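Below are my notes on the model, as numbered points. Please read them alongside the coordinates.

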Amino acid sequence: SPTRIIRHSAPGFTDQVLNGPADQGVILLSDESPEMLAHLRERRIPHVLGLIEARHVLYNVMLNYRGMVTELAAAMRRDGARHIIFLGSLHQPSHRFTAECFKESGMRGEVVDVTDENIREQITMLLQTVPDCDAMIVMGGGLPFRALPALLKSERPVMLGVFTENPAIRELRGFAYIADYRIRECGELLFKLLYETAVDRHLPPTTRFPEFQILKPAGDRDKAENQADRRPPAPATNGRSY
């Protein structure tokens, strides 16, 4: 069946969605508008939410940021990291959520809000003011590359942990610990879950995650720690379980 992609900012977004074909289904990406949800439920239009953690939608597919950051930090600690600092652009929901999961994991370390423009200066300052910092987790598709010059100039070794926010991150395979996943799998799971909700209107609320694995730096190239689809326990939301 045909697929339409409509930006949330497009004029008449709500009307376009609600006045679609009678047999349509809706995939919402990073948006959980209460007004939109009320309309979808009133018209019994099957819908799922992708990429962010659902607060109101019953069917959710998201990247397992909680599991990834927990396992990434744990792998770095097993290899000697004692004080890990998490850096990300906290205005982005995924970065903010992952930072919260990092703090909840009980790992020793801080969370620092950075931008493309100031990450090098922030890292340089942190290395000067936090003398026992020996590891950093940097989130984002571009931030890890911008962080490299400051890390490479460091007078002491600093472990780097990253996420495959874009495929180019895998180029850091020889240097960094990588939480590796396929964003495409998230899309595949969204369409599959949407179909299931349309077929079975009594499907229990659920959250699904693409698989991931933790890749260690070169030297352990053949010892990738496969943490596929590992979901640490988390409080249930709206009746769903993790």
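1. The protein has seven helices and ten strands; helices (H or I, at least four residues) and strands (E, at least two) are DSSP runs, numbered from the N terminus. This is a predicted model, in which local features need pLDDT of at least 70 and side-chain atom pairs count only at pLDDT 80 or more, while totals for chains, interfaces and linings use all residues. Residues are numbered from 1 along each chain as its sequence is written, and side-chain values use heavy atoms, with hydrogens and water left out.

2. Of the 242 residues, 47% count as buried (under 20% relative accessible area; exposed is over 50%, partly exposed in between; 1.4 Å probe, protein chains only). Among contacts (heavy atoms within 4.5 Å) between residues at least 6 apart in sequence, 60% join residues at least 24 apart.

3. Helix α7 covers residues 183-199, and its 17 residues should span 24 Å at 1.5 Å a residue; the end C-alpha atoms are 25 Å apart, which agrees. The expected span is 1.5 Å times one less than the number of residues. Its buried residues are Glu 185, Cys 186, Leu 189, Leu 190, Leu 193, Leu 194 and Thr 197. An α-helix has 3.6 residues a turn, so residues three or four places apart point the same way. The buried residues of α7 pack against strands β1 (26-29), β2 (47-50), β3 (59-61) and β9 (206-208).

4. How do α3 and α4 cross? The axes of α3 (residues 65-78) and α4 (residues 93-104) come within 9 Å and cross at roughly 50 degrees; axes are lines fitted to C-alpha atoms, for helices over the stretch in contact, and angles run from 0 to 180 degrees between N-to-C directions. The two helices are therefore oblique to each other (under 35 degrees is roughly parallel, over 145 roughly antiparallel, 65 to 115 roughly perpendicular, the rest oblique). On the α3 side, Tyr 65, Arg 66, Val 69 and Ala 73 meet Ser 94, Phe 97, Thr 98, Cys 101, Phe 102 and Glu 104 of α4.

5. Arg 44 is in the loop between α2 (34-42) and β2. Arg 44 has a positive phi of about 55 degrees although it is not a glycine. Most residues other than glycine have a negative phi. Arg 44 is exposed, with a relative accessible area of 55%.

6. Leu 148, in helix α6 (residues 143-152), is buried at a relative accessible area of 16%. Not counting residues up to four places away in sequence, Leu 148 touches Leu 160, Leu 172 and Phe 175.
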